[in-house]
Amino acid sequence: MSSNDHLVTSTDPEHPANHICTLCRNFYALGWVTGTGGGTSIKQGSNIFIAPSGVQKELIKPMDIFVMDHQSRTYLRKPSTLKPSACTPLFLAAFDRGAGCCIHTHSQWAVLVTLLVERDAIQSGEDPNTSCFEIEKIEQIKGLPRGKNKEGMLGFFDRLQVPIIENTAFEEDLTQSLEAAMEKFPDAYAVLVRRHGVYVWGDDVQKAKTQAESLDYIFRLAVEMRRLDLTWLS
């Protein structure tokens with residue numbers, strides 16, 4: 001092994017290098033990361049573990065994982081034949097705000113929700129570039145936190161807001177828009193990318209995963225509600 005292979009070598013299934021592989025397999029089964037799209041990153045201490053780019057997510061192995069030092073932004077470990085995820089600058093934006101895990105999916109339901117919100121904005125004469133997905137009175141909203149430095153989870157009668165940013169030709173070019181959305185919606189734990197997918201982050205892996213699952217459930221429900229002419233807001 002090279003000098004830093006020890007960073008991704010562990011028998012612990014919850015070690016970040018192993019955990020990313022498990023998450024990516026699960027997300028592939030859900031249809032969230034098909035065609036090498038999407039990605040996952042976990043922060044442990046000062047080290048950031050990042051899935052590679054251009055690799056089928058269900059086949060990722062611990063030895064494929066990149067490791068970066070958060071403070072210096074330098075790689076402590078780089079697989080010689082792979083490229084780091086194009087999502088890396090966006091993952092860093094979440095980690096800079098205290099996240100312990102960030103998940104990026106290409107969920108079809110997330111994409112469809114952004115298109116529905118865009119259509120609504122255009123039909124009402126509003127600027128779709130400033131749009132936000134909003135829904136309330138859905139039980140699964142309880143799977144999302146109230147916000148940074150706020151206690152507890154959202155309640156049934158609370159309104160969930162997920163900002164939407166416009167897609168770009170290259171993933172890293174989304175960084176500035178993502179950071180602006182984070183500043184505008186400081187209580188949000190996710191940002192939708194129009195015609196692309198969603199970024200979800202949490203204080204740790206378990207919370208990020210729970211929030212990603214809850215949001216995907218809500219996005220799918222929102223699409224089906226529109227099919228039945230049901231409204232998202234009362």
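Helices H3 (residues 108-123) and H5 (residues 205-227) of this predicted model cross at roughly 50 degrees, and their axes come within 8 Å. H3 and H5 are therefore oblique to each other. Angles under 35 degrees count as roughly parallel, over 145 as roughly antiparallel, 65 to 115 as roughly perpendicular and the rest as oblique. Axes are lines fitted to C-alpha atoms over the stretch in contact, with angles from 0 to 180 degrees between N-to-C directions. Helices (H or I, at least four residues) and strands (E, at least two) are DSSP runs, numbered from the N terminus.

The largest nonpolar core has 46 residues. Such a core joins buried Ala, Val, Leu, Ile, Met, Phe, Trp, Tyr and Cys residues through side-chain atoms within 4.5 Å; buried means under 20% relative accessible area with a 1.4 Å probe, protein chains only. Phe133, Ile135, Leu160 and Leu192 touch the most other members. Elements that each supply at least two residues include H1 (16-29), H3, H5 and strand S9 (159-165). The largest share, 9 residues, comes from H5.

Leu160 touches Phe133, Glu134, Ile135, Ile141, Leu144, Leu154, Leu215 and Ile218, with residues up to four places away in sequence not counted. A second, separate core of 23 residues includes Ile50, Leu90, Leu174 and Met182.

Residues are numbered from 1 along each chain as its sequence is written, and side-chain values use heavy atoms, without hydrogens and water. Local features need pLDDT of at least 70 and side-chain atom pairs 80 or more, whereas totals for chains, interfaces and linings use all residues.

Notes:
Buried means under 20% relative accessible area, exposed over 50%, partly exposed in between (1.4 Å probe, protein chains only). Contact means heavy atoms within 4.5 Å.
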